[in-house]
Amino acid sequence: MAFTIQFVIDVLSLGGAYALMALGLVIIYGILRLVNFAYGELIMVAGYTLYLTGGSGLPWIVMAVLALAMAVVFGIFTDYAAFRPVRAKSVTAVLITSFAFSNLLQNAALLFISPRPRYVPLPEIFSQTVVIAGAITPVRNLLTIAASIVLLAAVAFLMRKTTLGIAMRAAASNFTMARMLGVPANLIISLAFALSGFLAGVVGILWIGRIGTVVPGIGLEPLLVAFIATVIGGMRSLPGAVIGGFLLAFIDTTLNYTLSQDLLKFRDAFTFGLVILILLWRPDGLIKGPASGQRT
Amino acid sequence: MKPSHLTALVLLAVIVIIGVGSHLIGIRLYDRIATNLMISLVLVVGLQTFMGNSGLLSFAHIGFMGLGAYTSAVLTIPSQMKGMALPDLYPFLTAVEVSPLLAMVAGGLVAAAVAAAIAYPLMRLSDAAAVITSFALLVVLYTVMNNWSALTNGPRTLFGLPRTTDLPTAASVAVLAVIAALVFKESRTGKLLRASREDEVAAAALGANIPALRWRAFILAAFLAGVGGSLWGHFITSFSPKAFYLKETFLIVTMLVVGGANTVTGAVVGTVLITVAYEGLRGTESMLNATSFGAGQVIGLTEIVLALAMIAVMILKPGGIFPSREIGDILARLRARKETRS
Amino acid sequence: MLDVRDLSVDYGSIRAVRGISFHLAKGELVSLLGANGAGKSTTLKCIAGALKASGGSITLGGVAITASSPEQVVRAGLATVPETRDVFPDLTVAENLMLGAYIHRRDRAGNRDNLERVHTLFPRLAERKHQAAGTLSGGEQQMLVIARALMSRPTVLLLDEPSLGLAPAIVDRIFEMIDTLKRTGLTIFLVEQNVNQALALADRAYVLRLGKIVASGTADEIRSTTDLSAHYLGG
């Protein structure tokens, strides 16, 4: 019993974090058909904001809000620096600029902060544990589950019930037509980047809550996770991304419990091999997104 | 003279001038930089054969370079050193010791064989799916290199490769790579592939089997990457899998797109420019580090400047410095214009 | 209402529209006729702001909209129904209509009245408002894109080949609907290949061939003086 509960909590907390990561990537991909390679760096930005405000004596919650705000600001900044100037030119150009922008942010952190891990202030609650039906559970896992439920519900509400959310979904399926109805293209794209940055910020805080430190390369793993989850779930479907996140967490956790140490080292090779196979089978991912679409 | 021959002549002249020039100056540092430049040329020109003709971005190239380097290492590390360098090596490989030249060809062939075996189905994909799979492929190759301790010594540094790559060797291989890229570009496969880049439907209507064409280009690119990796391995003599990951990918992609991915001229010019810029920035960095008064190390400045340069090029000239015409075509046109004027 | 002067549009190096001029008076239904590739859709896309003009001017109610973005054109009062019948397939009918009113999104009362009017015109859409638009039939999707365009409360409506690919019975109903809209006083620019039905509705018409206007006049004049089949079939 205790084992089952532990397993379920592991899958749900990891899956929640993965789902949020994937969602942040798909929101951009859905609208622009472009992969944002600098997505992982938004998580890094949130982490370093926590580190830099660490000595300020502000209450932790204020630092967390600042970290979120910075991730949002850098999300919008990504749009202006890497996407907007080349959006109309070519797909390859945008992929390259976002790749370059990712390198830029990482190396800026190397240069201006440090290549070494930096401790991030975390409230007590992140290191406490509770016992649920005999399973010792870190509270941060429960926090992750709670945060992901709240956020997934909030994003679902935004996308289904508000005019802006519906406009974003419309833009994702047919950008030109949405513009012909008066939906302002640039505003919608910036909003998508802001939302993507917000999700990255939350993921950043939760993710760093597990590790306790931040390094310039911290964004790579979440980016890879988001890639896999979106590919599993369907590259243009928001619910698909969430499902993909949980599915990947389930696979990862199962592998963690079952694989021997020797094979566990190859886990990334297995999961990425799986990604390649899925993309071969269904180039749009497992769950089909909106039927058509073009970029501006 | 045909423009394509003119292109070959000009590019080869550039390589020879750089090689001979840096050798004549007689400064060891320049010799080292020039050798590095030649090795980069092999890699970047190799990437160009795939990216330039197919129009698809590939992030996996450096992974194939790693395959070449490790193949060459396993084949050339002297058998008495293998016990230390590769303690877990399979017994049948411990006695193997071939000449570095042979190992270089083997490195290229292994990379090409791996590419041929896994890449065919990937070539059906376009756009984001193609990019993500190539990225995934890089991660897979990296993970395998990082963990297949028997062959690679795992994440630890592998040492003991004989140092056989010098400037003349590297320059000769670079010359061959440039010729291979130019010949491939003008071959039937290369021409059809470039037609497919402009219009997939029309090329398919002409009877072009696009995945098969891309596959050939990908294998050639992997072969050149493997050769480049072997060349580099015998230059640096010790390395770890970290050398074949994102940072290096970023560097060669920068070289190619700044110069212009569609042309071999662009690949050569981009490699030369970025190498000069890179070495210059590195020099500045270490100078700053030497003079700074305990203010901490300056790292990452080089990459920041390169990233900014790359974004600037993409905004101002998305096709790079040589976006569509090879240097030979440009010179031939200039001459024709001059003749009509006089 | 809508005044187009010396309009030229290039597609890459090809000049698809070569210096055409026409105008629509308030409440008029004007038709643009021509064969495939004559430049009709290009003209329309350019007016809608989706393509850049390479020469000439477009004014709407005296305001220049030549260089406007698609968003600005709708705000200026011109709604476009493209030939591709672009519903947002994953959104419900109600959500599609709601987006049609995007530029008036703060005027909730006005939108409610307008929605009621649109529902009276297209009762089928009211029945299916919670259904995903992608599940509608071709004719229903055509109604939805027209209805959605009306939600922006346009002064001029551009219709691109509303009969394209629909069954004859449905085509008749679509044209009836256009007639009803015309009688509400809406200015309509109708691009059609279906010459006879378009001329039956239109006050005036222009005939486009290879990017140039080769004939214009009232519907009767066009019918009687122009050798329609010659221009229409490109012969």
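The model is predicted: local features need pLDDT of at least 70, side-chain atom pairs count only at pLDDT 80 or more, and totals for chains, interfaces and linings use all residues. Residues are numbered from 1 along each chain as its sequence is written, chains are lettered from A and ligands numbered from 1 in the order in which they are written, and side-chain values use heavy atoms, leaving out hydrogens and water.

Chain A and chain B bury about 3,600 Å² between them. Chain C and chain A bury about 2,000 Å². Buried area is the accessible area (1.4 Å probe) that two parts lose on being put together, summed over both.

**Chain A with chain B**

- Chain A brings 38 residues to the contact and chain B brings 41. Contact means heavy atoms within 4.5 Å.
- Carbon and sulfur atoms give 84% of the buried area. On the chain A side, Ile96(A), Phe99(A) and Leu280(A) lose the most area to chain B, together 17% of what that side buries.
- A salt bridge is a side-chain nitrogen of Lys or Arg within 4 Å of a carboxyl oxygen of Asp or Glu.
- One residue pair is in polar contact, with both residues at pLDDT 80 or more. A polar contact is a pair of N or O atoms within 3.5 Å; within protein, one must be able to donate a hydrogen and the other to accept it, and residues adjacent in sequence count only if both atoms are side-chain atoms.
- Helices H4 (91–112), H9 (220–233) and H12 (267–281) of chain A each supply at least two residues of the side that touches chain B. H4(A) gives the most, with 15 residues. Helices (H or I, at least four residues) and strands (E, at least two) are DSSP runs, numbered from the N terminus.
- By class, this side of chain A has 30 nonpolar, five polar and three charged residues. Ala, Val, Leu, Ile, Met, Phe, Trp, Tyr, Cys and Pro count as nonpolar, Asp, Glu, Lys and Arg as charged, and the others, Gly among them, as polar.

**Chain C with chain A**

- Here 22 residues of chain C contact 22 residues of chain A. Carbon and sulfur atoms carry 69% of the buried area.
- In chain C, Glu71(C), Phe88(C) and Tyr102(C) lose the most area to chain A, together 29% of what that side buries.
- The rule finds two salt bridges across this interface. Arg169(A) and Glu95(C) meet in a salt bridge at 3.6 Å, N to O.
- Four residue pairs are in polar contact.
- The side of chain C that touches chain A has twelve nonpolar, three polar and seven charged residues.

**Salt bridges within chains**

- Arg84(A) and Asp79(A) pair at 2.9 Å, N to O. Arg84(A) is partly exposed at 23% relative accessibility, whereas Asp79(A) is buried at 0%. Buried means under 20% relative accessible area, exposed over 50%, partly exposed in between (1.4 Å probe, protein chains only).
- Lys182(C) and Asp203(C) form a salt bridge, their closest N and O atoms 3.2 Å apart. Lys182(C) lies in helix H7 (residues 168–183) and Asp203(C) in the loop between helix H8 (195–201) and strand E9 (204–209), so the pair ties together parts 21 residues apart in sequence.

**Nonpolar cores**

- The largest nonpolar core has 214 residues; Phe64(B) is one of those that touch the most other members. A nonpolar core is a set of buried Ala, Val, Leu, Ile, Met, Phe, Trp, Tyr and Cys residues joined through side-chain atoms within 4.5 Å.
- A second, separate core of 44 residues includes Leu29(C) and Phe122(C).
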